[in-house]
Amino acid sequence: MTRQKEPPGNLRLHRRSNPVSDCPLTAALAAIGGKWKLIIIYWLNDGPKHFAGLRREMPGISQKVLTQQLRELQADGIVARKATERVPAVVYSLTDYGRSLPPLVENVRRWGRVHIERYR
């Protein structure tokens, strides 16, 4: 069954289901796992950014993937999307709930630095 795309203005976000409802680790990875989500959270921790600003910070991400990842983060209540009357017309920011994640992101970043150095 194919799902029709809705126009961005009519975007309806629904809480995404947790694939293993009783497993907190699975729930966390469903919400913030993958290659880009922690990086998006890292950059939004500096303050609200528009789509092009996020793409500049992450040159390896495609427009399609960034859109998908932002929508999933929105659906999980981590990122807010706000339409403005100025250009750029849309700004993304962390929600109050999303602001609980930067300490986790920083710990993962530190661990990654040690991991990189270990194999040099």
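## Terms and model

Contact here means heavy atoms within 4.5 Å. The model is predicted: local features need pLDDT of at least 70, side-chain atom pairs count only at pLDDT 80 or more, and totals for chains, interfaces and linings use all residues. Residues are numbered from 1 along each chain as its sequence is written, and side-chain values use heavy atoms, with hydrogens and water left out.

Start with isoleucine 41. Neighbours within four places in sequence are set aside here. Isoleucine 41 is then in contact with Ile32, Leu73, Ile78, Leu94, Leu101 and Val105.

The largest nonpolar core has 19 residues. Such a core is a set of buried Ala, Val, Leu, Ile, Met, Phe, Trp, Tyr and Cys residues joined through side-chain atoms within 4.5 Å. Buried means under 20% relative accessible area, exposed means over 50%, and partly exposed lies in between (1.4 Å probe, protein chains only). Ile40, Ile41, Ile78 and Val79 have the most contacts inside the core. Helix H1 (24–32), H2, helix H4 (63–75) and S3 each supply at least two of its residues. In soluble globular proteins, nonpolar side chains tend to be buried together.

## Overall layout

The chain has five helices and three strands. These are DSSP runs, numbered from the N terminus: helices are H or I with at least four residues, strands are E with at least two. Along the sequence the pattern reads α-α-β-α-α-β-β-α.

Of the chain's 120 residues, 28% count as buried. Take the contacts between residues at least 6 apart in sequence: 46% of them join residues at least 24 apart.

## The sheet

Three strands form an open sheet in the order S1-S3-S2, with antiparallel pairing. Strand S1 (49–50) and strand S2 (79–83) stand at the edges, each with a single partner strand, so one side of each has no neighbour in the sheet. Two strands pair if DSSP finds at least two bridges between them. S2 and S3 pair in the antiparallel sense over five bridges. Valine 79 has leucine 94, in S3, as its bridge partner.

Two helices pack on this sheet. H2 touches S1, S2 and S3, and its direction makes about 100° with that of S3. H4 touches S2 and S3, and its direction makes about 110° with that of S2. For these angles, axes are lines fitted to C-alpha atoms, for helices over the stretch in contact, and values run from 0 to 180 degrees between N-to-C directions.

In H2, the buried residues are Lys37, Ile40, Ile41 and Leu44. Seen down the axis of H2, they fall within an arc of 100°, so they line one face of the helix. The arc is that of the directions from the helix axis to the C-beta atoms. An α-helix has 3.6 residues a turn, so residues three or four places apart point the same way.

H4 has 13 residues, which at 1.5 Å a residue should span 18 Å; its end C-alpha atoms are 18 Å apart, in agreement. The expected span is 1.5 Å times one less than the number of residues. The buried residues of H4 are Leu66, Gln69, Leu70, Glu72, Leu73, Gln74 and Ala75. Their cover includes H1, H2, helix H3 (51–57), S2 and S3. Glycine 77 follows H4 and has a positive phi, near 75°.

## Helix H5

The 17 residues of helix H5 (residues 102–118) should span 24 Å at 1.5 Å a residue, and the end C-alpha atoms are 24 Å apart, which agrees. Pro102, Val105 and Gly112 are buried in H5. Seen down the axis, the buried residues of H5 fall within an arc of 70°, so they line one face. Trp111, Val114 and Arg118 are exposed on the other side. Helix H2 (37–44) and strand S3 (90–94) are among the elements that cover the buried residues of H5.

Histidine 50 lies in strand S1. At 25% relative accessibility, histidine 50 counts as partly exposed. Leaving aside neighbours within four places in sequence, histidine 50 is in contact with Arg56, Pro88, Val90 and Val91.

Alanine 89 sits in the loop between S2 and S3. With 45% relative accessibility, alanine 89 counts as partly exposed. Leaving aside neighbours within four places in sequence, alanine 89 is in contact with Lys82, Ala83 and Thr84.
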